[in-house]
Amino acid sequence: MQHYARNELIEKMKEIALLHGDFTLRSGKQSKWYFDKYRFEGIPDIMRSVAHHMSRLIPAGIDRLAGIELGGIPMASALSLETDIPCMFIRKKAKDHGTAAQIEGVYDQSDSILVVEDVVTTGGQAIIMIKQLREAGLRINGVIAVLNRGEGSTEAFEAENIPFWSLFSREDFGF
């Protein structure tokens, strides 16, 4: 199967997922643009291409990919299929039934884990999750995202000594 070149992928994602208007982001910030990941995460050729390009950013030695609910889960699954690196899934809070787990899937405490996110604005939610995962004894070796909105996330990850990679930046979408 063929993948879109990076510049073609940006244009496809602009057509499908880039919305203009008045939006409130998870961080509480206001924005005139919104990148709706659910508009591309369900389209196979785009997800395949995103995973293909993101896979090149994954550092050596990663044993597991960890998708954070909700948007990070399809991305972690696509990256797992692209790279053959197993994935696991992280709930924002433990469920109250079944196994009552926050961390789902097969993993070992010694695994080197890369957290997968869709869109990162300030990095706040990812940092909260990483701290919880580290408190649970997991070895989190960084974060990878589809889009870095560039509104403090890079600096926040640096301040917490968390390596961070993103496939796209706001500049790629004209902001």
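**A quick tour of the fold**

Author: Residues 24 or more positions apart make up 62% of the chain's contacts with a separation of 6 or more. Keep in mind that this is a predicted model.

Reader: OK. How many helices and strands in the chain?

Author: The chain has 5 helices and 8 strands.

Reader: And in what order do the elements run from the N terminus?

Author: The order is α-β-β-α-β-α-β-β-β-α-β-α-β. The chain is as compact as a globular protein of its length, because its radius of gyration is 16 Å, close to the 16 Å that the globule rule gives for 175 residues.

Reader: What box do the C-alpha atoms fill?

Author: Roughly 40 × 40 × 35 Å, along the principal axes.

Reader: What share of the residues is buried?

Author: Of the 175 residues, 46% count as buried.

Reader: Switching to charges. How far apart are the mean positions of the positive and negative ones?

Author: They are 3 Å apart. The chain carries 20 positive and 24 negative charges.

Reader: Now the rings. How many aromatic pairs turn up?

Author: The whole structure has 6. One of them is Phe-23 with Tyr-34, a stacked pair. Their centres are 5.3 Å apart, with 25 degrees between the planes.

Reader: Which strands do Phe-23 and Tyr-34 lie in?

Author: Phe-23 is in strand 1, residues 18-24, and Tyr-34 is in strand 2, residues 30-35. So the pair ties together parts that are 11 residues apart in sequence. Tyr-34 counts as partly exposed, because its relative accessibility is 24%.

Reader: What about Phe-35 and Phe-40? How do they pair?

Author: That pair is tilted. It is 5.7 Å centre to centre, with 50 degrees between the planes.

Reader: Are Phe-35 and Phe-40 buried or exposed?

Author: Both Phe-35 and Phe-40 are buried.

Reader: Which residues do the ring pairs link into a cluster?

Author: Phe-35, Phe-40, Phe-168 and Phe-173.

Reader: One more topic. Where does Lys-37 sit?

Author: Lys-37 is in the loop between strand 2 and helix 2, residues 44-55.

Reader: What does Lys-37 touch?

Author: Leaving aside residues up to four places away in sequence, Lys-37 touches Asp-118 and Val-119.

Technical notes:
Residues are numbered from 1 along each chain as its sequence is written. This is a predicted model: local features need pLDDT of at least 70, side-chain atom pairs count only at pLDDT 80 or more; totals for chains, interfaces and linings use all residues. Side-chain values use heavy atoms; hydrogens and water are left out. Helices (H or I, at least four residues) and strands (E, at least two) are DSSP runs, numbered from the N terminus. The radius of gyration is taken over C-alpha atoms; the globule rule is 2.2 Å times the number of residues to the power 0.38. Buried means under 20% relative accessible area, exposed over 50%, partly exposed in between (1.4 Å probe, protein chains only). Contact means heavy atoms within 4.5 Å. Lys and Arg count as positive and Asp and Glu as negative; His and the chain ends are not counted. The place of a charge is taken as NZ of Lys, CZ of Arg, CG of Asp or CD of Glu. Rings of Phe, Tyr and Trp (its six-membered ring) pair if their centres lie within 6.5 Å; planes under 30 degrees apart count as stacked, over 60 as edge-to-face and the rest as tilted.
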